Amino acid sequence: MSYDMSKGATTQRKDEILQAAIELIASGGYVDLNMRAVASAADMSLSDLQHHFRTWEDLLPALVDSIREEYDRAFEELANSTRSRRPREAVRIMVYETPGDATLQVDRLFPQLWAMAQDEPVIQELLDETYGRYLDMLERAFVEAGNRAPRGAARRAGHEALLEVAKQSGVFRSEAQLLVFGKRVERSAHRADRDDVVL
């Protein structure tokens, strides 16, 4: 059985394209994101990009999967670390540290993904899932700290942490935008709680 070298190169090139898209979103936001911009950022022609991802509808799910994989790696690292077992440290990780190997640039990327989620349901699903995982990590930390209402404490801490990330990002130009973001985060937390209820 021989190894197909072109398949490995294709996978590597797709990863480079997805990383270029992540960097575009983190640095410039979603407004100017399109296939031409991604092709340019990946240093290729549009037709070369379309060889890998024919349309935006092909690129977007791959982008979401790539971001999800980075978060999966980050959560696995945190699960194996004693650092995430203390509430204060778990919140600090959430606010100040970039998950994984820094490909996500979470301080700039997360608020941009939130903006994308207004138009792209698949991005909203990713954010809800990621936020739910952060809440689970925080809840475990509060349980280990002996808190009697760990889910509520985790929700409050998670909400405050995400607001802090949003403030630091500079993406929100007004308190009103930040307030809307905060309400969205709160709804995500309530959705996560509702999903945990077994009927």
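1. A search of the whole structure, which is a predicted model, turns up zero aromatic pairs, a pair being rings of Phe, Tyr and Trp (its six-membered ring) with centres within 6.5 Å. Local features need pLDDT of at least 70 and side-chain atom pairs count only at pLDDT 80 or more, whereas totals for chains, interfaces and linings use all residues. Residues are numbered from 1 along each chain as its sequence is written, and side-chain values use heavy atoms, without hydrogens and water.

2. K14 sits over the face of F53, 5.5 Å from the ring centre; the criterion is NZ of Lys or CZ of Arg within 6 Å of the ring centre and within 35 degrees of the ring normal.

3. Helix α4 (residues 56-79) packs against helix α7 (residues 121-144) at an angle of about 5°, their axes being 10 Å apart. The two helices are therefore roughly parallel (angles under 35 degrees).

4. Where α4 meets α7, the residues on the α4 side include L60, I67, R68 and F75, and those on the α7 side include V122, L126, E129 and M137 (contact means heavy atoms within 4.5 Å). The residues of this contact divide into 11 nonpolar, one polar and four charged.

5. Seven salt bridges are found in the whole structure (a side-chain nitrogen of Lys or Arg within 4 Å of a carboxyl oxygen of Asp or Glu). One of them joins R68 and D65 at 3.3 Å, N to O, and these residues, three apart in helix α4, are separated by about one helical turn.

Terms used: Rings of Phe, Tyr and Trp (its six-membered ring) pair if their centres lie within 6.5 Å; planes under 30 degrees apart count as stacked, over 60 as edge-to-face and the rest as tilted. Axes are lines fitted to C-alpha atoms, for helices over the stretch in contact, and angles run from 0 to 180 degrees between N-to-C directions. Helices (H or I, at least four residues) and strands (E, at least two) are DSSP runs, numbered from the N terminus. Angles under 35 degrees count as roughly parallel, over 145 as roughly antiparallel, 65 to 115 as roughly perpendicular and the rest as oblique. Ala, Val, Leu, Ile, Met, Phe, Trp, Tyr, Cys and Pro count as nonpolar, Asp, Glu, Lys and Arg as charged, and the others, Gly among them, as polar.
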